[in-house]
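The following questions and answers set values against the definitions behind them. Please consult the sequence and the structure as you read.

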Amino acid sequence: MKHSRSFKSKFVKTGITGALALMFAAYSLVNTDYAIAQSVTATNPTTGLTQTIQDNDKQQASIQYHIQAKLNEKDMTLEGTERITYLNTSKDTLGQLVLHTYADANRSASTQADTFEQSNEQISQNSKDKTPQDFLGGIDIKQVALAGGQALDYKNENQALTVQLPDPIQPGASVSLQIDFHLNIPYGLQRISYYKDIINGAHWFPVMSVYDEGKQVWNTAPYSRTFESDYYTSSDFDVQLSVPEDYEVAMPGVMTTREDAEQGRKIISAQANNTREFVLFASPNYTVASVTRNDLTVEYYYLDNEPGKKEIAEQYIDQAFQAMDFFGKKYGQYPYPEFRIVESYVENVAVEYSRLIQMGQMSTDSLPEKDTTFIHEIAHQWFHALIGNDSENESFLDEAFADFSMVYFQEKQGDNLNGFNALRFDSEPVDLAIASTNEEAGDMAGLLYYQKGRQAIYQLYRSVGEEKFDAFMQAYFKRYVHQNATITGLLQTIEDVLGHEQRKEMETALLQPNFVLKPEYQLSLEERTAYFHDIFQLQYQQSLDLVSDLPVEVMNRLMAKVLQDEPLTIVLSDQLSKQADKQQEAIMGQLTAFFNTSGVKYDVVKDRGDLKQKMKSEISTSNLIVFGNAKNNGFVQALKPSIMDRAKQIGFAWKNTMEQPHASGAYIIKHPYNQNRLMLHYFWNEDHLSEEAAQAYLLQMQNTIGFTNDYYQYYVMDEKGKEMAVKKVKNPIAHYFSEE
């Protein structure tokens with residue numbers, strides 16, 4: 001999964017997420033249709049338990065699902081019957097089976113995933129006909145029985161369905177259960193939900209838990225509110241879903257359609273063998289773009305609600321082929337005949353599933369070749385869908401490898417911003433191990449698993465070189481494809497392929513706190529400055545492009561111009577008291593620290609003689625940032641009439657504001673005598689700002705020049721730093737970057 005409640009989709013899609021986070025606090029397919037195992041069986045006629053001796057050369061998956069379900073679109077419920085055949089592959093005798101009923105996370109707002117909390121709050125405000133109860137749902141178990149018909153005792157509590165067996169299952173034996181269930185689909189955005197014309201369908205039926213043979217316990221943990229709990233056994237699925245005839249349905253596997261006996265409906269069948277999880281997405285308004293190359297079909301399910309979306313969908317499909325070809329060659333072949341992408345209404349979240357990924361709303365100005373989130377989700381087909389893991393306790397194994405793979409792919413596409421440079425800088429050490437559990441990581445999960453995690457993998461890559469690294473990855477894939485990997489297993493594979501020293505180094509990186517990328521692999525100061533310059537140059541321009549009729553005079557635009565290497569001169573006030581001079585230097589220092597980090601070149605002028613000499617030369621062709629009291633700044637005094645005229649054009653009452661006691665703030669105008677340049681004046685009307693006002697002043701200065709904030713033309717603050725007057729244009733993405 002890739003998500004950030006601080007980033008608007010377009011900016012995630014154009015990449016550079018790691019850098020921004022730090023700066024801002026195909027195929028030769030194998031046959032997956034396994035033959036039915038030849039077996040010798042002995043059936044207990046009373047219990048229906050079947051002791052099975054499997055033919056190891058022709059095994060089915062150890063878990064098989066046969067599901068028949070009907071979607072009731074009028075009340076958004078789903079009626080289903082599933083038959084599960086479970087093979088006991090452990091050495092333990094099992095007296096009960098446990099299944100996850102993750103849909104029950106929606107029985108209470110307190111147990112729903114907080115990933116979608118903000119979105120649901122907004123939906124609630126715009127859906128006056130919906131009550132809080134409509135945003136809840138869950139799965140009701142109507143009956144559990146053996147396939148032979150005997151009803152079984154069961155308990156469905158805290159998202160775990162525990163089924164008591166009349167006879168324990170011996171190692172190597174199997175049992176078949178039938179479960180009848182009723183699903184209430186919640187309104188809004190959740191992993192299982194409906195909103196507008198799309199149904200998101202993860203967790204829509206009871207799914208087998210993973211049995212831990214070492215601890216002799218079943219995984220009964222409820223679904224994580226803060227991260228992911230996607231820990232499954234690869235299984236065979238045979239699903240028959242009845243839907244209205246105008247619905248398009250996306251599911252993993254080979255899908256076929258036939259008429260339902262009920263008029264106006266159809267049955268979608270899906271066969272998905274050796275597949276880790278089975279989800280569905282449905283809408284009466286989906287259009288499907290489909291391309292087949294080298295026996296692999298990639299499909300994009302999208303809403304054709306905007307001109308040009310078909311072309312963008314096809315570009316995304318082409319990008320998917322490129323990524324899947326790359327990962328197939330580097331790691332191992334994608335073994336399925338299809339891969340599907342679905343558009344949904346989720347914002348700032350993209351989610352991986354087996355053979356299918358969920359993306360947010362597709363924009364016609366998207367740049368698929370720069371959409372790093374898209375590549376991250378495709379990489380999850382290798383690190384989650386094919387190589388599984390316990391994502392509640394070892395999230396490093398899927399998120400870090402997916403994020404490293406995203407960067408690896410971009411690097412080999414020649415993308416200097418989203419390739420390896422994106423991870424070659426490090427923040428301060430974190431006093432937590434990369435291999436921390438989700439609970440231990442808490443709010444640091446993103447930093448640990450995505451940033452630090454991918455750096456640890458990159459360090460291994462650099463230490464051994466690309467050829468040996470790729471060989472290790474291929475061995476790791478071969479060892480764990482369709483299985484669940486562990487960090488212990490990963491380390492053992494490193495030792496087997498790359499040697500004991502590399503294992504020790506990775507073990508330290510993952511299991512000890514305070515990992516930092518080795519200095520020799522980090523960007524140099526010069527490289528880092530150039531990197532951030534290119535990042536912000538791109539992001540400021542994209543931000544400004546969001547509003548077609550945006551005025552020229554906005555503070556963010558000055559930043560965009562100087563990042564495009566237009567000249568910049570900073571003009572300071574002189575004839576100041578010592579306290580005022582010290583404060584001016586501190587305020588300017590905060591601004592120039594950002595300039596220095598992002599490679600912006602600037603000239604500083606304070607002496608009036610120097611100012612007079614440069615007034616009609618360098619300064620006349622330069623963008624300007626002017627500091628201080630208007631009465632103490634030589635540039636403002638020299639060009640006051642022109643400045644007042646320019647200020648009038650943006651509706652700023654310059655004279656009245658400059659005479660207002662204790663007022664401070666900023667305004668931006670066109671350069672007093674250069675139509676192609678801008679002047680930004682940070683002013684205060686007293687000798688200096690009070691301590692309280694100075695803190696607010698610094699914060700507001702930072703806020704109003706960032707590309708993630710609204711587009712300010714001016715603002716005025718009182719003696720306590722409270723905003724009294726403001727003129728700005730709303731930035732469509734600003735609220736996504738705000739703190740919760």
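Contact means that heavy atoms lie within 4.5 Å. This is a predicted model, in which local features need pLDDT of at least 70, side-chain atom pairs count only at pLDDT 80 or more, and totals for chains, interfaces and linings use all residues. Residues are numbered from 1 along each chain as its sequence is written, and side-chain values use heavy atoms, with hydrogens and water left out.

Q: Which residues does T569 touch, not counting those up to four places away in sequence?
A: T569 touches D603, V605, I619, S622, N623, L624 and I625. T569 itself belongs to strand β26 (residues 568-571); strands (E, at least two residues) and helices (H or I, at least four) are DSSP runs, numbered from the N terminus.

Q: Why is T569 called buried?
A: Buried means under 20% relative accessible area, exposed means over 50%, and partly exposed lies in between (1.4 Å probe, protein chains only). T569 has a relative accessible area of 4%, so T569 is buried.

Q: What makes D365 count as partly exposed?
A: The relative accessibility of D365 is 40%, and therefore D365 counts as partly exposed. D365 is placed in the loop between β25 (356-359) and α5 (372-379).

Q: What makes the pair of side chains of D365 and S363 a polar contact?
A: A polar contact is a pair of N or O atoms within 3.5 Å; within protein, one must be able to donate a hydrogen and the other to accept it, and residues adjacent in sequence count only if both atoms are side-chain atoms. The side chains of D365 and S363 make such a contact at 2.3 Å.

Q: Why are β27 and β32 said to stand at the edges of their sheet?
A: Two strands pair if DSSP finds at least two bridges between them. The open sheet has seven strands in the order β27-β26-β28-β30-β29-β31-β32, with mixed pairing. β27 (603-605) and β32 (723-729) each have a single partner strand, so one side of each is left without a neighbour in the sheet.

Q: How do you know that β29 and β30 are joined?
A: Eight bridges join β29 (residues 664-671) to β30 (residues 674-684), and the two strands run antiparallel. In β30, F683 is the bridge partner of G665.

Q: How do you know that the span of helix α12 agrees with expectation?
A: The expected span is 1.5 Å times one less than the number of residues. For the 20 residues of α12 (residues 525-544) this gives 28 Å, and the end C-alpha atoms are 28 Å apart, so the two agree. Among the buried residues of α12 are Y531, F532 and H533.

Q: Why is the pair of F237 and F278 called tilted?
A: Rings of Phe, Tyr and Trp (its six-membered ring) pair if their centres lie within 6.5 Å; planes under 30 degrees apart count as stacked, over 60 as edge-to-face and the rest as tilted. The structure holds 64 aromatic pairs. In the pair of F237 and F278, the ring centres are 5.3 Å apart and the planes stand at 35°, so the pair is tilted. F237 lies in strand β16 (residues 235-244) and F278 in the loop between β19 (265-275) and β20 (280-283), so the pair ties together parts that are 41 residues apart in sequence.

Q: Are F237 and F278 buried or exposed?
A: F237 has a relative accessible area of 2%, so F237 is buried. F278 is buried as well, with a value of 3%.
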